[in-house]
Amino acid sequence: MSYSVSIAVNGVEHTHQVEPRLLLVDYLRQVLGLTGTNIGCDTSQCGACTVLMDGQSVKSCTVLAVQADGSSVTTIEGLAQNGDLHPLQTAFWESHALQCGFCTPGMILSAADLLHNNPDPTEAEIRHGLEGNLCRCTGYQNIVRAVAAAADTMKGGA
Ligand code: FES
Ligand code: FES
């Protein structure tokens with residue numbers, strides 16, 4: 001049995017027949033070929049699969065593709081606009097906030113949700129906002145620094 005789902009991913013509407021058990025992360029990676037969204041665990045703990053769904057960060061390994069029907073999803077591939085990196089992407093680059101980079105897409109999308117809801121977070125609020133994302137390289141210090149730098153940039157641009 002399969003169901004028709006229509007999901008706007010990075011501003012492009014996609015309609016596919018999918019099995020009801022297909023996870024959103026597998027839909028993004030296997031059906032759409034958007035492999036920037038990573039799978040780092042099978043326990044819903046690492047946050048490597050984080051995307052924005054209707055503007056809110058979700059762990060896409062905990063969402064079924066059929067549950068995302070009718071929604072708008074943003075993945076790391078959709079953050080840059082007109083060839084310009086998102087301020088968070090630039091800040092991660094400049095603050096050396098990635099080592100292997102495996103956690104980075106999820107970290108950035110969680111941070112995007114955080115800054116949308118709280119444009120001027122304290123360090124403690126950044127740490128709290130990212131607590132669902134694990135970095136196995138333990139680069140947390142620079143990740144927090146990068147999010148603070150992006151917040152400054154985004155405030156300046158507002
Ligand atoms: S792969 Fe989704 S939380 Fe780890
Ligand atoms: S940079 Fe390697 S897991 Fe975070």
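Helix H3 gives the most to the lining of the largest pocket, with 4 residues. This is a predicted model, where local features need pLDDT of at least 70, side-chain atom pairs count only at pLDDT 80 or more, and totals for chains, interfaces and linings use all residues. Residues are numbered from 1 along each chain as its sequence is written, chains are lettered from A and ligands numbered from 1 in written order, and side-chain values use heavy atoms, with hydrogens and water left out. Here's a quick tour of the pocket and the salt bridges.

**The largest pocket**

- A pocket here is an open set of points on a 1 Å grid over the protein atoms alone, where a 1.4 Å probe fits, with protein on both sides within 12 Å along at least five of seven lines.
- The largest one holds about 180 Å³ of space, a volume being the space filled by probe spheres set on the points.
- By type, the lining splits into 7 nonpolar, 3 polar and 2 charged residues. Ala, Val, Leu, Ile, Met, Phe, Trp, Tyr, Cys and Pro count as nonpolar, Asp, Glu, Lys and Arg as charged, and the others, Gly among them, as polar.

**Salt bridges inside helices**

- You'll find 4 salt bridges in the structure, each one a side-chain nitrogen of Lys or Arg within 4 Å of a carboxyl oxygen of Asp or Glu.
- Salt bridges with shared partners tie Asp120, Asp152 and Lys155 into one network.
- Arginine 127 meets glutamate 123 at 3.0 Å, N to O. They are 4 residues apart in helix H4 (residues 123-129), which means a gap of about one helical turn.

**Another pair, and how exposed it is**

- Glutamate 19 and arginine 21 form a salt bridge too, at 2.7 Å, N to O.
- Arginine 21 is exposed at 65% relative accessibility, while glutamate 19 is partly exposed at 42%. Buried means under 20% relative accessible area, exposed over 50%, and partly exposed in between (1.4 Å probe, protein chains only).

Methods:
Helices (H or I, at least four residues) and strands (E, at least two) are DSSP runs, numbered from the N terminus. On a 1 Å grid over the protein atoms alone, a cavity is a set of points where a 1.4 Å probe fits but cannot get out, and a pocket is an open set with protein on both sides within 12 Å along at least five of seven lines; lining residues have an atom within 4 Å of a point.
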